[in-house]
Amino acid sequence: MQFTRRDTLALGAGAAALAMLPFRVAAATADERIAEFTGGAEAKADGITLTAPEIAENGNTVPITVDAPGATSILLLATGNPTPGVAQYNFGPLSGSRVVTTRIRLAGTQDVVALAKFEDGSIAKASSTVKVTIGGCGG
Amino acid sequence: MISRRDFLQASMAATALVGASGFGNWSRLAAQQALTQDQLLQFDTFGNISLIHVTDIHAQLKPIYFREPEVNIGVGDARGHVPHITGADFRKLYGIADGSPNHYALSYNDFSSLAKTYGKMGGMDRVATVINAIRADRPDAILLDGGDTWHGSYTCYHTQGQDMVNVMNALKPDAMTFHWEFTLGSERVNELVSGLPFDALAQNIFDAEWDEPAELFKPYKFFERGGAKIAVIGQAFPYMPIANPGWMFPEYSFGIRDENMQAMVDEVRGMGAQLVVVLSHNGFDVDRHMASLVSGIDVILSGHTHDALPEPVLVGDTIIVASGSNGKFVSRVDLDVRDGRMMGFRHKLIPIFSDVIAPDAEVASLIDEQRAPYKDKLEEVIGHTDSLLYRRGNFNGTWDDLICDALLSEREADIAMSPGVRWGPSVLPGQAITREDLWNVTSMTYPKAYRTEMTGEFIHTIMEDVADNIFNPNPYYQQGGDMVRMGGLGYRIDVNQPQGSRISELTLLKTGEKLDPAKSYVVAGWASVNEGTEGPEIWDVVESHIRKKGTVVVEPNTSVQVVGA
């Protein structure tokens, strides 16, 4: 992974605590992760279901579920986090279902993106905006 | 919404739905100002099933004055559609004569003078009379309570919701869903819900730790009526831990969860439901959006946003019924369910004119019983008002201005913040303000009036955040409620901008200076969702202020400039 000057600036804007991060986790941008995962293949919209709350009840622990029947690999990205990569899940031939559920921390309102790769090399993509709000005035 | 004409055409085009509200008819009778209970209750029983919907009562056991909103801005697809139509435009849309009882019940203009003519509305003893009359027509009518029932008054606060539970149980509801009830704290909610003689429904209340459906709340309930199987699915307010203090009910998680709603609809259809009803506390715009995404719902009984609509709104094959708030209205929906599906409906939004509809004696005495221990406290006069005091509307009402003035002067602050809730009845000019009136607009379980310093930048951030919760063009990102009410601060808002760009020209009113992003200001507010908030209780702050004033006069508020409405 190249650690470019541009990445440094982007990170600096996103996270004030950059200096405390160990060098090796310096993040690739979301676009770079997507390009790496897809190998440039065009993503279709069906074959993947991303379930995320519209408004997070707690931005520190947001439940996310990705369901992609037949997928060999799922990539989950929080595009607005200083480190967009959340996780990549790989499935073997014996995996019963291709569903993952996790909780992630979101730095603020942003798009959560999930990509699935299938055996034939095709790619599916789903995206959802999750709002992280101060709240407090519902009537 | 679609226009009246489109509505009828759509009704005929889509699955042969036959719609009739009877509204135009009785509004003419009402215009003759010869209101009788028989006219208000007149309804040609239709089909084989009756639903009765009450919602957002906010613990108003007694009749009240409640002024409907002047400003209710719709954004995105909701722009220009009900419920975002008010005043004369609203009356024109539904053919309501100026000065008629429905003008008074459903729109804001000339409220003070019409209130003197037509009197208070609501009262659960009158609601009981209406429910009994419908049950006389249709003994097995299904009564559904949309929630926000156990919150909003002096007695409700002091009995932790017991007064409302006792009175509602006497009305014999068949099911209920929830919102402000949870601000009693999960322990009390669990206690009250466990004792209910009817079902507590919500497909979207989950266990927060395991993200599995919460055991106490069933997703749906089946009824057999008129030879048909009916499923009622509950939908609690989706944004409870965000709009209200999540620390009071940490065990529970909510959300819209429309994918689970679809799964529940499919499940009940698979079990043979011929009619699917959703008892919802989503708010109207969220319900309309959900109806366009979830297929197979016949009727949504909509609550939360306090809209009262004389006719259902049709989305695809789903009708959405909005029944107002504070006990002002009861909706009756008769349905013809045959051959495994809904073939037609007849609907009436029944306005509860308290001087026209006789109170049910049994429920009236039950209400007095709940209030008796607190009678002296409730009736104590703390001041008078020369202005109409009301709240409902996207921006400051006069009650809010009075509360903000109290915070500014009693707490010696530069700026005041008061929550944009939609509950709180009105008080007419010339009336006494009793303690009950004051608690009707302030009662809650997190009432501490904080005093703190905030930078101009942070104040701006809060206002942008709240504005996006109301004016986000996607209803699923709205929480309902209205804009935070600001005291001592003027601003301009362009509702069509994205978050971060709506609010500008923040002006400190006492000096006329622009707010400095870097400078700290003393801010007084109440109803913080943060645990451990400190300060006196808001009702004591406002009572002290009113007592000093004696008679309250609230000048028109010109400090908020709204653009893009």
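**View 1. Chain B of the predicted model, divided into domain 1 (4-368) and domain 2 (380-563).** In this predicted model, the centres of domain 1 of chain B and domain 2 of chain B, taken over C-alpha atoms, are separated by 28 Å. Where these two domains are in contact, domain 1 of chain B contributes 41 residues and domain 2 of chain B contributes 33 residues.

**View 2. The side of domain 1 of chain B that touches domain 2 of chain B, with the helices that supply it.** At least two residues of this side come from each of the helices α6 (111-118), α8 (154-158), α11 (240-243) and α13 (284-293) of chain B. Sorted by class, the residues that domain 1 of chain B presents on this side comprise 21 nonpolar, 16 polar and 4 charged.

**View 3. Helix α17 (residues 435-442) of chain B packed with helix α19 (residues 538-549) of chain B.** The crossing of α17(B) and α19(B) is right-handed.

**View 4. Residues in the contact between α17(B) and α19(B).** From α17(B), the contact draws on L438(B), W439(B) and T442(B), while α19(B) provides I538(B), W539(B), V542(B) and E543(B). Taken by class, the contact of α17(B) with α19(B) consists of 5 nonpolar, 1 polar and 1 charged residues.

Methods. Residues are numbered from 1 along each chain as its sequence is written. Chains are lettered from A and ligands numbered from 1 in the order in which they are written. This is a predicted model: local features need pLDDT of at least 70, side-chain atom pairs count only at pLDDT 80 or more; totals for chains, interfaces and linings use all residues. Domain bounds come from an automatic or database domain assignment. Two residues are in contact if their C-beta atoms, placed from the backbone, lie within 7 Å. Helices (H or I, at least four residues) and strands (E, at least two) are DSSP runs, numbered from the N terminus. Ala, Val, Leu, Ile, Met, Phe, Trp, Tyr, Cys and Pro count as nonpolar, Asp, Glu, Lys and Arg as charged, and the others, Gly among them, as polar. Axes are lines fitted to C-alpha atoms, for helices over the stretch in contact, and angles run from 0 to 180 degrees between N-to-C directions. A crossing is left-handed if the near helix is turned anticlockwise from the far one by less than a right angle, and right-handed if clockwise.
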